[in-house]
Amino acid sequence: MPIARRTDSQKEVLRLNGFSLSDCVAAIEEHARYDERRLRIYAARETNTENIAVRRFGRAVAMRFSSVGYFNQVYHFDVDAVSRLGEVESFYAGLNFGPKIYVAADTDRPWVMARLRDAGYEPDHSMVRLARSVSEPVSTDCSDVEVSGLNPEEATQFFDLYLDAFGADPDPLKRSEALANMSLLIRDPELWFYEVKWQGECAGIGILQFTGKQASFCGGATKRAYRGQGVHRALIAKRILHAQALGAERISSWADKDGESHKNLTRSGFRL
């Protein structure tokens, strides 16, 4: 395989809006860490033992959950991983859906993307990753909204809202399995859970992950009946302020491109 080097134009792309290449790498590492952490926690349940696997192909991290399509993804796919694409695809053999492959931020992205296209993969621009400095001003003008930590007794309600917001399968058996898995996350010391109250009712939920100087949003959702009332904006502000108190320097998130979450994050100072 030929040696490929990152081009000057690629360096420029990854330094837009004041974020360095190392900032980009750290943000994506946080997102990968959250997904891998969840799988390793879920794998502790006997019913999941045969369904979950995590494997490294050099730097690339491949995750597999045979019954949940979202988790079938590869992070940090770089130049060296291209020569092992056949092994990666074999790791997902037998599934009804192929993996999503995230090309590493600090590799020769144009070259790797070209090789993936040659292998039949198509670019997917439906998701964006954003970040901001925690030290930037935060708008907290959400006086009608109360954001607090999660009451463990309301964990089922919390994760029900989470699953609804992210389009989880409504099948009762699958929903029960998903709730059993997600309830295990409550004990994770690097995760913080928040619920938003609107006139005493649970209107939205969110999760924050913090490791070292990097924090990340790990999902947030507002009940349909409360959208447009500032619930998500309050949830964003609360997590930024908490990350600041924990000592984070940067905070990152992902969102569906051009969706309401993307727009709200942008209004709150997050940038591509």
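Author: Helices (H or I, at least four residues) and strands (E, at least two) are DSSP runs, numbered from the N terminus. H76 sits in one such run, strand β3 (residues 73-77). This is a predicted model, where local features need pLDDT of at least 70, side-chain atom pairs count only at pLDDT 80 or more, and totals for chains, interfaces and linings use all residues. Residues are numbered from 1 along each chain as its sequence is written, and side-chain values use heavy atoms, with hydrogens and water left out.

Reader: What is the mean pLDDT of the chain?

Author: The mean is 86, and 91% of the residues reach 70 or more. The scale is the predictor's confidence in each residue, from 0 to 100. Over residues 1-16, pLDDT stays under 50. The model has 26 contacts beyond four places in sequence for that stretch. Contact means heavy atoms within 4.5 Å.

Reader: Why does H76 count as buried?

Author: Buried means under 20% relative accessible area, exposed over 50%, and partly exposed in between, with a 1.4 Å probe and protein chains only. H76 has 7% relative accessibility, so it counts as buried.

Reader: Why does D258 count as exposed?

Author: Its relative accessibility is 52%, so D258 falls on the exposed side of the cut-off.

Reader: Which residues of helix α6 are buried?

Author: In α6 (residues 155-165) they are A155, F158, F159, L161, Y162 and L163. Their cover includes α2 (21-42), α7 (172-182), β7 (191-198), β8 (201-211) and β9 (214-222). Just after α6, G167 takes a positive phi of about 70°.

Reader: What makes a nonpolar core?

Author: It is a set of buried Ala, Val, Leu, Ile, Met, Phe, Trp, Tyr and Cys residues joined through side-chain atoms within 4.5 Å. The largest one here holds 31 residues, and F193 and I207 touch the most other members. α2, β2 (60-65), α6, α7, β7, β8 and β9 each supply at least two residues. α2 gives the most, with six. A second, separate core of 24 residues includes Y194, A215, I240 and F270.

Reader: What is F193 in contact with, leaving aside its neighbours within four places in sequence?

Author: F193 is in contact with S148, G149, L150, F158, F159, L185, I186, G206 and I207.

Reader: Why is the pair of F158 and F193 called edge-to-face?

Author: Rings of Phe, Tyr and Trp (its six-membered ring) pair if their centres lie within 6.5 Å; planes under 30 degrees apart count as stacked, over 60 as edge-to-face and the rest as tilted. The F158 and F193 centres are 5.7 Å apart and the planes stand at 75°, so the pair is edge-to-face. F158 is in helix α6 and F193 in strand β7, 35 residues apart. Both F158 and F193 are buried.

Reader: How many aromatic pairs does this rule give?

Author: The count comes to twelve. One of them joins F65 and F71, a tilted pair with 5.9 Å centre to centre and 40° between the planes. F65 has a relative accessible area of 2%, so F65 is buried. F71 is at 5%, so F71 is buried too. Ring pairs also link Y42, F65, Y70 and F71 into a cluster.

Reader: What makes a charge sit over a ring?

Author: NZ of Lys or CZ of Arg must be within 6 Å of the ring centre and within 35 degrees of the ring normal. R115 lies over the face of W111, at 5.1 Å from the ring centre. R129 lies over the face of Y102, at 4.8 Å.

Reader: How do you know that C218 is in no disulfide?

Author: A disulfide is a pair of cysteine sulfur atoms within 2.5 Å. The nearest cysteine sulfur to C218, that of C24, is 18 Å away. By this rule the whole count comes to zero. C218 has a relative accessible area of 3%, so C218 is buried. C202, at 4%, is buried as well.

Reader: Why is L235 called buried?

Author: Its relative accessible area is 0%, so L235 is under the cut-off. L235 lies in helix α8 (residues 231-246). Beyond its neighbours within four places in sequence, L235 is in contact with V147, Y194, V196, I205, G206, G220 and A221.
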